[in-house]
Amino acid sequence: MNKLEEREEFIPVDLSRLSVGIKIPFRIFVRDNTGLHQFIEKDNLFTAMHLSSLKERGVTKVYVALRDRGTLEGYLQERDYDALIQEKRLKDYVYWKEKYFKIDEALLPTGASIDFSIFVSDSMRFIPLLKVEEGKSVKISEGLIPKNKDILIKASDIYLYERYLKSLEGIDLPSYQTTNLEATVAKERANIVMKDIFDNQITYEKFEVVRDLTRRFIEGILNNKYVAYNLLSLKRLDYYTYLHSVNVGVLSLGLAITAGLSNKDVELLALGAMLHDIGKSTLPPEIINKPSRLNEREFMIYKNHVIEGKRILEGIDRFPKVSMEPVLLHHEKLTGRGYPFRLKEDRIGVFGRITGIADCYDALTTPRLNKYPLTPYNALFIICKETADYDRGLLKEFVKMMGMVKFKCPTKGK
Ligand SMILES: [Fe+2]
């Protein structure tokens, strides 16, 4: 017992009950092998830095003086209430998120006429941006579409959006070359079918649509490499499994072309890469959208999406066997640190290696609730630091390829 403890009595409090970013209306003490020491002065902010320094020291409990008990109880009650509200908001958001579809706002230029309502996602809410009554159409006015927000439509209006996409074929959109417009529209179509696959299930017909769109991406890129640079940039402010799937598909096929794979192999790889996360359709949305780190049990469930993906795709007769590799191996690492099989080096083929890089890059650059994304540069930097995990040659090609992309990705969070 040190001098402090001789003078005062203290109450232990679990570290997890302190909220980051909030002023603490009492002093906080931490115990080490010499006794208790003051860690934070009254009315100071409890920061993420405080939390990580305590965690690094293995601290799980902090101490508050007994005379501050009343203030402590008030603080904890308020935090519990906030946590409850936050949990309810998150639950609502996850529920409603499924009922909307994120669109590429670059396809909504000023003056375009639309017959579906559009919404903006802000602070876990979907706010109408332009309400269009059934059977009517409205023109997009100048400055209507905000730059750094996700623009969505109701999932039930997707059929109207598909009709709108068809009407764009062959027209001149500002900032679009025809080939780029075609590729962007094809990517929107791929997002639509992928959402349908995740929300409902994959059928032979939907698989054929994915195959057809994949072929179109490849043709577009082979005819005009700038199409690839346009397709590889994706702006979004939250995670959507269907967008991630299509993006990993496009990133993988871009890398496969750059790395010199044959056209047939590019197609077989891209098909698997597009559907690499299809097993996530079996996961509870709370796990997919959880803003904080998954606990051990949740992570076990999460990892199972790889095996579930295999099971689902085995039900599609015409799904090529070799296209299963991106599905099965996209989380494996050359060092054997990946999952679920912990395969090493030569046991991971080129399809698995390519999809692994694309998947990791897309995950790092995707913003999530309460989490800023890495910029493309920082994401590449981090992946390159883990060279032992990834194929060096492919990584080099990937960095070269991404260096050519003009990014639309947000660098600031919501
Ligand atoms: Fe995955």
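Okay, let's start with a crossing: helix H6 passes helix H9 in a right-handed way, meaning the near helix is turned clockwise from the far one by less than a right angle. The contact involves Val-210, Arg-211, Thr-214, Arg-215 and Ile-218 of H6, and on H9 Asn-263, Val-266, Glu-267, Ala-270, Leu-271 and Met-274. Contact here means C-beta atoms, placed from the backbone, within 7 Å.

Quick housekeeping. This is a predicted model, where local features need pLDDT of at least 70, side-chain atom pairs count only at pLDDT 80 or more, and totals for chains, interfaces and linings use all residues. Residues are numbered from 1 along each chain as its sequence is written. Helices are DSSP runs (H or I, at least four residues), numbered from the N terminus.

Now, H12, residues 305–314. Which of its residues are buried? They are His-305, Val-306, Gly-309, Ile-312 and Leu-313. Buried means 20 or more other C-beta atoms within 10 Å of a residue's own, and exposed means 12 or fewer.

Last pair: H14 and H16, another right-handed crossing. Here Arg-353, Ile-354 and Ile-357 of H14 meet Leu-394, Leu-395 and Phe-398 of H16.

Technical notes. Helices (H or I, at least four residues) and strands (E, at least two) are DSSP runs, numbered from the N terminus. Two residues are in contact if their C-beta atoms, placed from the backbone, lie within 7 Å.
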